[in-house]
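Have the 3D view open as you read.

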Amino acid sequence: MTDGRFRLPRGGVLAAALIAVSLVAPSTLPTAHAGTAKAPVELTFWSWVPSIQTSVALFNKTHSNIHVKLAYNVGPPTIYTKYFTVIQAKTGAPDVAQIEYDWLPTYEYLGNGALVDMGKYGANSLKSQFPAGVWSQVSVGKSVYAIPQDTGPMGMYYRKDLFAKYHIAVPKTWDQYAAAAVALHKADKNLYITNFSSAGGDFAQWAAYMWQADGNWFTANSDNSWTVSINSAANKKVMSYWGKLAGQGLLNNDGNFTQAQYKDWAEGRLATWLCAVWGAQTISSSAAATSGKWAMAPMPQWTAGKYVDSAWGGSANVVMSQTKHPAEATQFAMWLNTNQANIALLVKQGGIWPAANAALMNPALTAPIPYYGGQALTGTFTKAASVLASGFQWGPAIGYASTKFDTALNNAFTNKTDFAAALDQVQQGTITYMKQQGFTVK
Amino acid sequence: MSSSSPPIARLGAGQPAMRRPRGLRLRQGSTPYLFLAPFVILFLLFFIGPILYAFKLSLFTLHRHPSLNGATNTTTFGGLNNYQRAFGDADFLSGLKNMIAFGIVQVPVMLFLALTFALVLDSPFVRLKAFFRLSYFIPFAIPGVVATLLWGYFYTPSLSPVTGLFTKLSFGNSPNFFQPVSHLLASVGNIVTWEWAGYNMVILIAALQSVSAEIYEAAGLDGCGPIRTALFIKIPLLQPALVLTAVFSIIGTLQLFNEFSVFNQGGLAAVEPSVTPNYYAYTQAFTYGDFNYAATISFALALVTFVFSFAFLKLTSRGGE
């Protein structure tokens, strides 16, 4: 009777169906609870700060009504790609996210306000806890679009042993810096004072130089129009300075955060790095061999005796408008950046320089660092943060402007043409692009 | 394939064919479609679907409304406006120009190499054929990102063992492999050739296997030595396979992306987004946030690719007859 084909016995089908249903059913039955405890509000959080999982765990432990899940832990530019994608798809965005200051206007002006105005949920109460220059980057009037987490006051990291070896004074002004560049390269033709980088994303370092010289790229006017000033006199002054150094062959071409740069640090072919406070960890973790040979100093100045500083990087936490729980999300973002215990965690494990005023007393910042010969971060960077030049604004088309800037600068470096003229190209291109996209540009 | 006998005839010997039940016949007719269904469903969902969605995106133009407080970016139906903008866009056109210049040099060089390897490995004189076949094919097996990083480090003066040789041998400074754009294209051309020559070689070797031995015998009787056999017999017989690999290479060249993206994001070189149209589309979407225009660029590129491949096939089929 067998025909070689497998036949499920009739009873077997019924049994299989019953088993399947019984496996599925319990989850669809309402759970019977004696009490009326509300389920905690679930929030998703995207960030790139190393070890921010411990902050999330601390929050969950101390807040029974909110449960935060760190769903994504990758840095820029990948995370920005994901933000654009979920905003375009209108689904999948996290409740709380991390965005750098230079990208904030892009998101503030992006479709239906991709960011929630946290001022509506009490964020304005934090205004006095942050420096004015930082608060102005996250707020517009009474609207608060982000809670500042960290800032990046600039400083100069230098190889004190190389300066001592060639009897060159540590530069305090840009003129002295240029002279030191010539002297260092003459003493050792494999040694450069610093690297020139125009690879994707390093425009913020150049912007910091222009920021320090009172240059500005964008201004938001009160009538919703924008003024683009990329090729202003102040910006051109800065870029001409660097163009001269590059033209004389005093800068090497390593990109920032590349293996080539780390190797040059380790083997003594780069004498300084102009970077923000978070750069301290970059150098110490990538060039361990030169421990004890580096030191930190203020950034060179345009006017001797007048100390002005700027910032590179730093980020803030935002609440994205796809959230279903804006109040709780705001609560988490505010806690993340003002709770003293958490800030201590962020400083210690994430290596950030906190934006909150009160956090600057944190012992983790005042601890001497052996890598820098016992110097503490606060020695250089507290003063730097306090003299942050005000008035620098990022615009809504920073993606385009920065890409154009990187390209123009790179061409100028390769062809040894005028850096200042490159700014003209960026200015023209940015204005054309912004107009084409629907912005009013004055 | 021989026609399959209906299953019922095998079930019980001696049963007349007339007693074949209806249900069985239907099952037999629909079985091939059932086997195809998983592929077709996934193909429609993840290949055709996104293409249709992207085409819809490309017909709309993005308008930003530059104010805070509930401002909404809108997209209006622009018809073919975006395409007009794309074909007049200097960045897109320069990317196309770069890729055409790249293809004119790199594709013939790579196919020449692949052909040489294939012919040599098909000749009776070479020992260890399997070993050489494998070693020429291995670069293809290395993931593109890894290969690009590898070569990128070779090209970076302070990291590379090779560039140090230039100064040691007193050739002066090692050339800049990343700047200007012509050098960058040559460097990427090197990587692409290294990766894909083996792949194309394998296709050509497979085509050579299908040549019947009688032809070689006849050629031998006519007095053809191995080199003349290769030049005048094998190469003409390989023409279909060569056309195939050439079309693949043309399509691949116009879509170049990996190498430039890894160079830029890996900090190895500053690469402007307009260097290839594909990278330009990516930048439009993920750095500028303009998905509509990015979709337009992608379709415009696809159109150009189609035109080139079609023209090439037409050219070669007319010549070949």
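This is a predicted model: local features need pLDDT of at least 70, side-chain atom pairs count only at pLDDT 80 or more; totals for chains, interfaces and linings use all residues.

The largest cavity holds about 120 Å³ of space. It has 14 lining residues, and those closest to its centre are Y101(A), Q137(A), W211(A), A311(A) and G313(A). Two elements of chain A, α5 (132-138) and α8 (203-212), each give two or more residues to that lining.

How many cavities of 30 Å³ or more turn up in the whole structure? The search finds seven. The second largest cavity comes in at about 90 Å³. Its lining also draws on 14 residues, with T106(A), P396(A), A397(A), R64(B) and Y288(B) nearest the centre. Here the largest share, again three residues, is from helix α16 of chain A (residues 398-415).

| Cavity | Nonpolar | Polar | Charged |
|---|---|---|---|
| Largest cavity | eight residues | five residues | one residue |
| Second largest cavity | 10 residues | three residues | one residue |

T148(B) sits in helix α6, which covers residues 144-155 of that chain. Is T148(B) buried or exposed? T148(B) counts as buried because its relative accessibility is 0%, and the cut-off for buried is under 20%. Which residues does T148(B) touch, if you skip its neighbours within four places in sequence? The contacts are I191(B), E259(B), V262(B) and F263(B).

Technical notes:
Residues are numbered from 1 along each chain as its sequence is written. Chains are lettered from A and ligands numbered from 1 in the order in which they are written. Side-chain values use heavy atoms; hydrogens and water are left out. Helices (H or I, at least four residues) and strands (E, at least two) are DSSP runs, numbered from the N terminus. Buried means under 20% relative accessible area, exposed over 50%, partly exposed in between (1.4 Å probe, protein chains only). Contact means heavy atoms within 4.5 Å. On a 1 Å grid over the protein atoms alone, a cavity is a set of points where a 1.4 Å probe fits but cannot get out, and a pocket is an open set with protein on both sides within 12 Å along at least five of seven lines; lining residues have an atom within 4 Å of a point. Grid points are joined across faces, edges and corners, and a volume is the space filled by probe spheres set on the points. Ala, Val, Leu, Ile, Met, Phe, Trp, Tyr, Cys and Pro count as nonpolar, Asp, Glu, Lys and Arg as charged, and the others, Gly among them, as polar.
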